[in-house]
Amino acid sequence: MPLPDQEAAAGGDGGAMASGDGANGGGGGGQGKLPRKRFYRARAHSNPLSDSHFPIPISPDEVDLSQHYPRYFPSGEGEARQGDAAVPRIRFADVGCGFGGLLVGLSTLFPDTLMIGMELRDKVTEYVKERILALRASNPGKYDNISVVRTNSMKYIPNYFRKAQLSKMFFLFPDPHFKEKNHRRRVISMQLLDEYAYVMEVGGIIYTITDVEELGEWMRSCLEKHPLFEAIPEEETKADPVVKLLSTATEEGQKVARNGGQTFQAIFRRISLQE
């Protein structure tokens, strides 16, 4: 994703996985010490249609993986671009990753798979960066396959991923945008599913979950109507180890569970038109 000097010049978050003190000072702590969320709190949601200022790669081939996964791409070996045939590619994308709970859970479940969290809020993105750095420092050899980038996934998904690159996409507890006039801000829509289908491989899985019933129905309806997705049978989802993480790994999911709330999942497979 964007290089450190590019982000600094644009007034962004700093390096993609650069270390340093947490926001407001004192958030990051010493080596291996997890950051404290109180230094990184931000508004629960952001307007995805507003203009934000952060660098965006011109194309997926310009994404420099060495800035995100240094153990896989050591410094001194040059940049590792996704366009290089021999370079492993990111396979999972957590859209609106929040504080990174799902990424952390997936990291050990799929230790050889590169995955990225995509978050619009700058303070939250910085928290996830510091969290990953701390986990790497205190658990050598682990959590090297996850990273995060500040970006607007509703606008720039094709800038980060090539056609049929992703095998899993996650949309956990997205902003419901209750007002009808704001439904165009929802992260699942027929138009956006066209873009998600483009970057997903045939057989790839899209996972959604919410505690808002109307939004759950909306996301399921969009996926059912789209010709490139089909619902995965319940018996198959029950056997999928990822599904349990949808409601337990994130701060939002844990809050719903504590309050005895209900969740609504829609899990669909990317198919080809011939099917």
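The structure described here is a predicted model. Its protein chain holds nine helices and seven strands. Buried residues account for 52% of the 275 residues in the chain. Among contacts between residues at least 6 apart in sequence, 76% join residues at least 24 apart.

In soluble globular proteins, nonpolar side chains tend to be buried together. In this model, the largest nonpolar core has 37 residues, and the members that touch the most others are Phe161, Met169, Ile188, Tyr196, Ile206 and Phe229. Two or more residues each are given to this core by strand 1 (92–95), strand 2 (115–119), helix 4 (153–160), strand 4 (166–172), helix 5 (190–199), strand 5 (200–210), helix 6 (213–225) and strand 7 (264–270). Helix 5 supplies the largest share, five residues. Apart from this core lies another, of 30 residues, which includes Tyr127, Val128, Phe173 and Val256.

Beyond its neighbours within four places in sequence, isoleucine 206 is in contact with Met169, Phe171, Ile188, Leu193, Tyr196, Met200, Leu223, Phe229, Ala266, Ile267 and Phe268.

How do helix 4 and helix 5 meet, and at roughly what angle do their axes cross? The axes come within 10 Å and cross at roughly 20°. Angles under 35 degrees count as roughly parallel, so helix 4 and helix 5 are roughly parallel to each other. The crossing in which helix 4 passes helix 5 is left-handed. On the side of helix 4, the contact is made by Met154, Ile157 and Pro158, and on the side of helix 5 by Leu192, Glu195, Tyr196 and Val199.

Is histidine 183 buried or exposed? Buried means under 20% relative accessible area, so histidine 183, at 15%, counts as buried. Leaving out residues up to four places away in sequence, histidine 183 touches His177, Phe178, Glu214 and Trp218. Phenylalanine 173 is likewise found in the loop between strand 4 and helix 5. With a relative accessible area of 8%, phenylalanine 173 is buried, and its phi is near 50°, a positive value in a residue other than glycine.

Alanine 164, in the loop between helix 4 and strand 4, also has a positive phi, near 60°. At 36% relative accessibility, alanine 164 counts as partly exposed. Glycine 261 sits in the loop between helix 9 (251–258) and strand 7, and is partly exposed as well, with a relative accessible area of 44%. The C-alpha atoms of glycine 261 and valine 212 are separated by 9.7 Å, while the two residues are 49 residues apart along the chain.

How values were computed. Residues are numbered from 1 along each chain as its sequence is written. This is a predicted model: local features need pLDDT of at least 70, side-chain atom pairs count only at pLDDT 80 or more; totals for chains, interfaces and linings use all residues. Side-chain values use heavy atoms; hydrogens and water are left out. A nonpolar core is a set of buried Ala, Val, Leu, Ile, Met, Phe, Trp, Tyr and Cys residues joined through side-chain atoms within 4.5 Å. Buried means under 20% relative accessible area, exposed over 50%, partly exposed in between (1.4 Å probe, protein chains only). Helices (H or I, at least four residues) and strands (E, at least two) are DSSP runs, numbered from the N terminus. Contact means heavy atoms within 4.5 Å. Axes are lines fitted to C-alpha atoms, for helices over the stretch in contact, and angles run from 0 to 180 degrees between N-to-C directions. Angles under 35 degrees count as roughly parallel, over 145 as roughly antiparallel, 65 to 115 as roughly perpendicular and the rest as oblique. A crossing is left-handed if the near helix is turned anticlockwise from the far one by less than a right angle, and right-handed if clockwise.
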